[in-house]
Amino acid sequence: MHLLRPARARRRLMIARLLGVVGLLCTLVVFGAPPASAHVEIISTTPAEGTRLQAVPPLISLRLTENIGIQQDSLHVVDERGTRVDDGHVFQPGEESEVVGIRLKPGLSSGSYLVTYGFISADSHPVRGSFAFVVGDGPLLTASGSVSAANGTNAAVDVIHTALRWVSFCGLALLGGLLFVLLCRPAGRGDRLVRRVILGGCAATAVSSLGVLVLQGPYVAGQDLSAVADLGLLGATLKLSYGKLMLLRVVILAVAGWLANRLLGPDTPLRPRYENLTMVAGFVILLTFSATGHAIADPIPFFSLTADMAHLGGILLWIGGLVQIALSLWRPVAGEDLAQVFARFSTVAFVSVATIVASGAYLSWRSVASFSALFTTTYGVLLLIKLAFFALLLVAANASRGAVRRRAIAVDSGGSVATDVRTLRLAVTAEVAIASVVLVLAAILSSTAPAR
């Protein structure tokens, strides 16, 4: 019998070091978090909120905290009867890229005017608000110049939008199992179920990403599901970097699916060029996720993007590996040495968890402005819940490792399982279930404004 026996001393040392790093990084997150910028904000408007003018201004302009480009249909000006009085063309009136404006139609009379705006931040979230001014002696329209990242979003669109993000994360995790198969479970290359799971994950991510792209217009505009058929909203989304990155993601996912199909198969030789291209495709896919999320809106985007990609990559490799481990336990390949599979995955899992913890601590440090924000903001509370489930996931993972340490897995000379693996199956299945909850929380957090 060949038994998998990890060295206890080495394992304890690795755990001690990991806990030390976790403790240090958590301390930095909780007590050292500096304030960072949030979504795009309105610094000033011309005219200002509540201004009373003697003549109708030819131009309405807003100064923003960041350059978000020219987003057509992001500014509307109406009179007191609700009639639109702008020319419909949003532009940058000067050399400052943070200032956007829109011209008013000529020949307007005195009265109250309401300006509404709806911009998309760099991290794809809508920012809406309004302000009013009056020309002459008439009454001022009631308006609020406040900025809200959630104001006016249709509830059904918001739920479906978040659900599609979760599906895209889950599918990406299944696709991440490809790297696990190549690194830890070469015998799985010939398993049809393994191939279906990986290619299914790739397809799920592509389809859900297309769904998010189509819903982005109604999501930002605050309209209901019927607005999905509005090609104007879709066209406006595709003009933004967000829309272009989403299209790039779908294209690269198609390439990744083709490469995965070439890498999987009992009689398919491993070709280095396919493996290299798969790594490049995976990098680009991760970039499209990070560059359309909170990390891109950070004042130091290079470090935040790097940390976010490392964080997402670590999660996908770990969860994708867990799914493949579960498949190997419930449906082992004939002649497969599970002891070697678990030995290889133990190292991969440790590196993945260390990467998740380190990068997650940095991202939390940039997203949460203070210790109190963890308890007083929606983002902070959701982050704490996610951390709690992540800790629970680590406990389940430790139970799996404990099952291996107690020789719950033993493999004979032919590579078949020789002892009862019920404990290990239950532990790994629990890990996969908890991981799916973590991905749900990640999807919700991606749709929630950071507590900066």
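**Cavity, salt bridges and a surface patch**

Mentor: The largest cavity has a volume of about 40 Å³. This is a predicted model, where local features need pLDDT of at least 70, side-chain atom pairs count only at pLDDT 80 or more, and totals for chains, interfaces and linings use all residues. Residues are numbered from 1 along each chain as its sequence is written, and side-chain values use heavy atoms, with hydrogens and water left out.

Trainee: What makes a set of points a cavity?

Mentor: On a 1 Å grid over the protein atoms alone, a cavity is a set of points where a 1.4 Å probe fits but cannot get out. The volume is the space filled by probe spheres set on the points, which are joined across faces, edges and corners. The structure holds 1 cavity of 30 Å³ or more.

Trainee: Which residues line the largest cavity?

Mentor: I315, W318, I319, I356, F390, L393 and V438 line it; a lining residue has an atom within 4 Å of a point. Helix α7 gives the largest share, 3 residues.

Trainee: Why is the contact of E96 and R63 called a salt bridge?

Mentor: A salt bridge needs a side-chain nitrogen of Lys or Arg within 4 Å of a carboxyl oxygen of Asp or Glu. For E96 and R63 the N to O distance is 2.7 Å, so the pair qualifies. E96 sits in the loop between β6 (86-91) and β7 (99-104), and R63 in strand β4 (residues 59-64), 33 residues apart.

Trainee: Why is V214 called partly exposed?

Mentor: V214 has 32% relative accessibility, so V214 counts as partly exposed. V214 lies in helix α3 (residues 192-221).

Trainee: What makes I160, V214, L225 and V228 a nonpolar patch?

Mentor: Patch residues have over 30% relative accessible area and no salt bridge; like charges are joined within 9 Å, nonpolar side chains (Val, Leu, Ile, Met, Phe, Trp, Tyr) within 5 Å. I160, V214, L225 and V228 form such a patch on the surface, with about 250 Å² of accessible area together, by the Shrake-Rupley method with a 1.4 Å probe.

Definitions and conventions
Helix = DSSP H or I, 4+ residues; strand = E, 2+ residues; numbered from the N terminus. Buried < 20%, exposed > 50% of the residue type's maximum accessible area, 1.4 Å probe, protein only. 1 Å grid on protein atoms, 1.4 Å probe; cavity = no way out; pocket = protein on both sides within 12 Å on 5 of 7 lines; lining within 4 Å.
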